[in-house]
Amino acid sequence: MEKGTILFHVKFEFRNGNIGEKLLVLLNDPKPLIEPFLFCKTTSRQKGKPTTPGCQSNWSLFYIPSKQDFFEEGTWLQLHEIFEADAKSFLKDHFAGDLQIKGKLKDLTINSLMKCIKIIDDISDKHKEMILKKK
């Protein structure tokens with residue numbers, strides 16, 4: 001898996017303890033034995049969010065219009081909440097059938113997303129460093 005991989009988790013555990021289906025986007029290219037996988041949730045529910053394509057730094061969002069890249073509907077990457085997972089748990093979920101690779105963002109989208117991540121205040125310096133480092 002590499003940066004920009006789109007994953008579908010059928011038993012994603014949310015911070016509030018609820019479990020449900022969720023599309024996720026991998027944000028980094030980790031060294032699996034040393035660093036965690038970093039990913040963000042996605043949503044297609046607008047609820048007043050801006051629909052200008054690309055970076056919405058004041059909202060800590062990145063908007064991808066419908067039928068662009070992988071998503072059928074307009075979709076926001078929620079960058080205010082970055083999740084960590086170690087390689088062991090990712091592989092366990094994958095082989096249990098709970099985590100499926102669905103697609104990958106286009107290189108142009110990934111580049112724009114990385115520029116957005118640089119300027120968002122809600123992402124810790126530690127996570128930014130892991131996300132923005134070169135392979």
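Colleague: What should I keep in mind about the numbers?

Modeller: The model is predicted, so local features need pLDDT of at least 70 and side-chain atom pairs count only at pLDDT 80 or more, while totals for chains, interfaces and linings use all residues. Residues are numbered from 1 along each chain as its sequence is written, and side-chain values use heavy atoms, with hydrogens and water left out.

Colleague: How many helices and strands are there in the protein chain?

Modeller: Three helices and seven strands. Along the sequence the pattern reads β-β-β-β-β-β-α-β-α-α.

Colleague: Why is the chain as compact as a globular protein of that length?

Modeller: Its radius of gyration, taken over C-alpha atoms, is set against the globule rule, 2.2 Å times the number of residues to the power 0.38. The chain comes out at 14 Å, close to the 14 Å that the rule gives for 135 residues, so it is as compact as a globular protein of that length.

Colleague: What makes E1 and E7 a pair?

Modeller: Pairing takes at least two bridges found by DSSP between two strands. E1 (residues 5-13) and E7 have five, in the antiparallel sense, so they pair. One of the bridges joins Leu7 to Ile101 in E7.

Colleague: Why are E4 and E7 called edges?

Modeller: The open, antiparallel sheet runs E4-E5-E6-E3-E2-E1-E7. E4 (54-56) and E7 (99-104) each have a single partner strand, so one side of each is left without a neighbour in the sheet.

Colleague: What makes the 21 residues a nonpolar core?

Modeller: The term means a set of buried Ala, Val, Leu, Ile, Met, Phe, Trp, Tyr and Cys residues joined through side-chain atoms within 4.5 Å. Buried is under 20% relative accessible area with a 1.4 Å probe, protein chains only; exposed is over 50%, and partly exposed lies in between. The largest such set has 21 residues, and those with the most contacts inside it include Val25, Leu77 and Leu113. H2 gives the most, with five residues. A second, separate core of 11 residues includes Phe83 and Phe90.

Colleague: Which residues is Leu77 in contact with?

Modeller: Contact means heavy atoms within 4.5 Å. Leaving aside neighbours within four places in sequence, the partners of Leu77 include Val25, Cys40, Phe62, Leu105 and Leu113.

How values were computed:
Helix = DSSP H or I, 4+ residues; strand = E, 2+ residues; numbered from the N terminus.
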